[in-house]
Amino acid sequence: MIAEAIASIARLVSGASVFYSTGPPDEHQRVYFANHTSHLDFVVLWSALPPAIRALTRPVAGRDYWEKGAVRRYLSENVFRAILIDRSPRAAGGDATLSVASARRTIDRLAIEMEDRYSIIVFPEGTRGSGEEISPFKSGLYHLSRVKPRLELLPVYLDNMNRILPKGEALPVPMLSRVIFGRPMELGEGENKRDFLERARAALAALRDS
Amino acid sequence: MSGQDPDLVRLVGGVLVLLVVASIAGALLSRRVRTEAARATVANLNARIRAWWVMVAVFALAVWTGGVGSIVLFALMSLLALREFVTLAPTRREDHRALLWSFFAVTPLQYLLIAIRWYGLFAIMIPVYAFVLVAVSNVIAGRTDRFLERTATIHWGLMVCVYCVSHAPALLILDIPGYRSNAKLLVFLVLVVQLSDVLQYVFGKVFGKHPIAPAISPNKTWEGFLGGVFTASAIGTALWWATPFTPAEALAMSIAITLAGFAGGLVMSAIKRDRGVKDYGALIAGHGGMLDRIDSLCFAAPVFFHLTRYFFTP
């Protein structure tokens, strides 16, 4: 019930129109990857999913943000059932990279938490951008696709969130937004990391211009 | 219900009869069409008629509840319109605070002023105080590129979506000697403006040949314009009994608000053209967004309000 209420509020505030390239998502396991410009991104994407699919879809989020305060902790544990990952202090602020070992641990944990049924929502830019450009992707999508072969990846472009709730602001201006689901893709046979990440980013950028 | 002004009941009843006739006509048309293009037109027409049922029901309910219902309804319409306007406007992160003020302080306050019947502040709050507030808020945000464009856009959004629209429910607080239950005046305004829109569309579809402003809106024709304004004004004249006007005055008022309404529609179309979109939104099936539906009301409401206030109140 709380989940339904949160989804309704998110839809009201973001005034999101939802567009599908291939129909509403089903319960097939996949990774939704989206551009990241606002704290609203995850909850708006999540609220755009059909309710039954929502229950099977978990966000991947920074532990530092979601373990702050009782409300956030409650929501991340009981409502969103977020998969919380550690970001180093520098990574939380922006550009730093995790050490290779801890990055591998994170990917392994994601694969375990996903089991064979949970889909996840990730923001491969790693941090919130200005909304004008999509930053280069971190390599998590690639490594996860290697650990879980034939994993379906679905680009989702979130339009206008940065104007509704920009970085550093507490209250949203209720403008209208768009949630655009793209076509599924997966890691190609023998495709290298750089090409794959660039292809995924281009798929997301193509939705923006559609 | 028993306390309602009988003339108001007659007005609303008349609108319902009109809708029944329109729905029957729409159903007959959809059986007769053969070509693909005509079928699409009729399907859109029927979607519009169905949406009209909902809009009329909401509006009638608001008017029925008296002042508060109407004020709340128009406040919500303002918020929805402002939302559509700002979404299309080239505002940036630095405008965030000014927008928050506009949505959550200025708009509610404007309608609160109607509710407490403070006309003096109602008339100047947005042109004076919100004007200054928005500009100052944007200056404090500290970004100068496209400053005038960004600030002026918010000013325009507030003027068109909030200030202008709020003059419709403000009719309720006019003190007109010898005239009671101003809700009829509000219904008169909305009815004549919207009928003019609908009739311009119908005359344009049936007789339209000569575009009136091809660069702005290819669908607006001289035939539609003249037919719509003339017929809507004739209907407005025939409704003089529900207003404080004589038939001749009702005719003059109807012409004034249909012309202002037409101008409003053209101006809003020009803005949409400028931003490269066809509609402001998809809120109302067949009609587009809120702003697409009330574009003519935006210009007609303040003109009608002030003509009435100047000539018919002491």
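This is a predicted model: local features need pLDDT of at least 70, side-chain atom pairs count only at pLDDT 80 or more; totals for chains, interfaces and linings use all residues.
**Two helices packing in chain B**

- Packed helices are described by the angle between their axes and by how far apart those axes are.
- Here, α2 of chain B (residues 36-64) packs with α3 of chain B (residues 67-88) at about 140 degrees, and the axes are 5 Å apart. That angle makes α2(B) oblique to α3(B).
- On the α2(B) side, the residues that meet α3(B) are B:Val58, B:Phe59, B:Leu61, B:Ala62, B:Val63 and B:Trp64; their partners in α3(B) are B:Gly69, B:Ser70 and B:Leu73.
- Sorted by class, this contact has 7 nonpolar residues, 2 polar ones and no charged ones.

**Where chain B touches chain A**

- Chain B puts 12 residues into the contact, and chain A puts in 11.
- On chain B's side, the elements giving two or more residues are α3 and α4 (96-115).
- That side of chain B splits into 5 nonpolar, 4 polar and 3 charged residues.

**Helix α7 of chain A**

- This helix covers residues 100-114, which is 15 residues.
- Which residues of α7(A) are buried? They are A:Ile107, A:Leu110 and A:Met114.
- Looking down the axis of α7(A), these buried residues fall within an arc of 60 degrees, so they line one face of the helix.
- In general, an α-helix has 3.6 residues a turn, so residues three or four places apart point the same way.
- What do the buried residues of α7(A) pack against? Their neighbours in chain A are β3 (57-62), β4 (83-85), β5 (119-122) and α8 (140-147).
- Over on the other side of α7(A), A:Ala101 and A:Ile112 are exposed.

**Two arginines with positive phi**

- A:Arg81 isn't a glycine, yet its phi is positive, at about 45 degrees. You'll find A:Arg81 in the loop between α5 (70-79) and β4 of chain A. A:Arg81 counts as partly exposed because it has 16 C-beta neighbours inside 10 Å.
- B:Arg146 isn't a glycine either, and has a positive phi of about 55 degrees. Look for B:Arg146 in the loop between α5 (119-141) and α6 (147-166) of chain B. With 14 other C-beta atoms within 10 Å, B:Arg146 is partly exposed.

Terms used:
Residues are numbered from 1 along each chain as its sequence is written. Chains are lettered from A and ligands numbered from 1 in the order in which they are written. Axes are lines fitted to C-alpha atoms, for helices over the stretch in contact, and angles run from 0 to 180 degrees between N-to-C directions. Helices (H or I, at least four residues) and strands (E, at least two) are DSSP runs, numbered from the N terminus. Angles under 35 degrees count as roughly parallel, over 145 as roughly antiparallel, 65 to 115 as roughly perpendicular and the rest as oblique. Two residues are in contact if their C-beta atoms, placed from the backbone, lie within 7 Å. Ala, Val, Leu, Ile, Met, Phe, Trp, Tyr, Cys and Pro count as nonpolar, Asp, Glu, Lys and Arg as charged, and the others, Gly among them, as polar. The expected span of a helix is 1.5 Å times one less than its number of residues. A residue is buried if 20 or more other C-beta atoms lie within 10 Å of its own, exposed if 12 or fewer, and partly exposed in between; C-beta atoms are placed from the backbone. The arc is that of the directions from the helix axis to the C-beta atoms.
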